[in-house]
Structures are given as C-alpha cells and as structure tokens.
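Hi there,

Here is the structure I promised to pass on. Have a look at it first, and then read my notes below.

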Amino acid sequence: KAILEENACLTCHQLKGEGGPLGPKFDGLGGRASKEEIRQSIVDPNAKVAAGFEANKGMMPPTFGQTLSQAQLDALVDFLASLK
C-alpha cells in the first residue's frame, strides 16, 4: 500500500473507500485480473482499458513501469493481485 501512496495511485483509484473515481477500484482487483494483466496495466496503461473507463483512456501516466524498480513493481503487482 505504501507504493500506492508514494506514487499517488489513490488520486485516481479507490482502495477501501479511499481515493478517486477516475480509474478502476483496486478492491477485488485480484479476482478480476491476472497478475500479468495487472502488470501490463501498470507498465502500458493504454494497452487495454477497463470497461467503463474508456473516456479516461490516456489519463494514467505511462511512466510507472520505468519509475518503479523491478522490486517495487513486483510488490505492487503481488499486492493488487491479493485483493480478492
């Protein structure tokens, strides 16, 4: 969760009622997407846009895959995938 907070992810995404409505909620994400889909959404956010969020395509910065270390990216993917 610290990685989400450090990178302002909760400005657009919600987790446990906190955050913004511009992106898909993180709650239950692990039940909706595989680890690979979650990773791709972080590294290349415009490759596939979640249903209902098409109007917000292009809003997520495409740089997270470059600014996060491999360890941070792995930890973030594991955390988000654990949210069922």
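**What I found**

Let's start at the surface: Lys16 is exposed, with a relative accessible area of 68%. Here, exposed means over 50% relative accessible area, buried means under 20%, and partly exposed is in between (1.4 Å probe, protein chains only). Before going on, please keep in mind that this is a predicted model, where local features need pLDDT of at least 70, side-chain atom pairs count only at pLDDT 80 or more, and totals for chains, interfaces and linings use all residues. Residues are numbered from 1 along each chain as its sequence is written, and side-chain values use heavy atoms, with hydrogens and water left out.

Back to Lys16, which sits in the loop between E1 and strand E2 (18-19). Its phi is near 55 degrees, a positive value in a residue other than glycine. Ala8 is another residue to look at here: its phi is near 60 degrees, again positive in a residue other than glycine. You'll find Ala8 in the loop between H1 and strand E1 (14-15), and at 43% relative accessibility it counts as partly exposed.

**The overall picture**

The chain has five helices and two strands. Both are DSSP runs numbered from the N terminus: helices are H or I with at least four residues, strands are E with at least two. Along the sequence they follow the pattern α-β-β-α-α-α-α. The radius of gyration of the chain is 12 Å, close to the 12 Å that the globule rule gives for 84 residues, so the chain is as compact as a globular protein of that length. (That radius is taken over C-alpha atoms, and the globule rule is 2.2 Å times the number of residues to the power 0.38.) The C-alpha trace spans about 30 × 25 × 25 Å along its principal axes.

Of the 84 residues, 29% count as buried. If you take contacts (heavy atoms within 4.5 Å) between residues at least 6 apart in sequence, 51% of them join residues at least 24 apart.

In soluble globular proteins, nonpolar side chains tend to be buried together.

Apart from neighbours within four places in sequence, Leu68 is in contact with Ile3, Asn7, Ile42, Leu73 and Leu76.

Not counting residues up to four places away in sequence, Phe79 touches Lys1, Leu4 and Leu15. The C-alpha atoms of Phe79 and Lys1 are separated by 7.6 Å, although the two are 78 residues apart along the chain.

**Charged pairs and cysteines**

How many salt bridges are there? Counting a side-chain nitrogen of Lys or Arg within 4 Å of a carboxyl oxygen of Asp or Glu, there are three. Side chains of opposite charge can pair when their charged atoms come close.

- Lys1 and Glu5 meet at 3.8 Å, N to O.
- Asp78 and Lys35 meet at 2.8 Å, N to O. Asp78 lies in helix H5 and Lys35 in helix H3, so the pair ties together parts that are 43 residues apart in sequence.
- Asp74 and Arg39 meet at 3.0 Å, N to O. This pair also links distant parts of the chain, with Asp74 in helix H5 and Arg39 in helix H3, 35 residues apart.

As for disulfides (a pair of cysteine sulfur atoms within 2.5 Å), the count is zero. Cys9 is in no disulfide, and the nearest cysteine sulfur, that of Cys12, is 8.8 Å away. Cys9 is buried, at 13% relative accessible area, whereas Cys12 is partly exposed at 26%.
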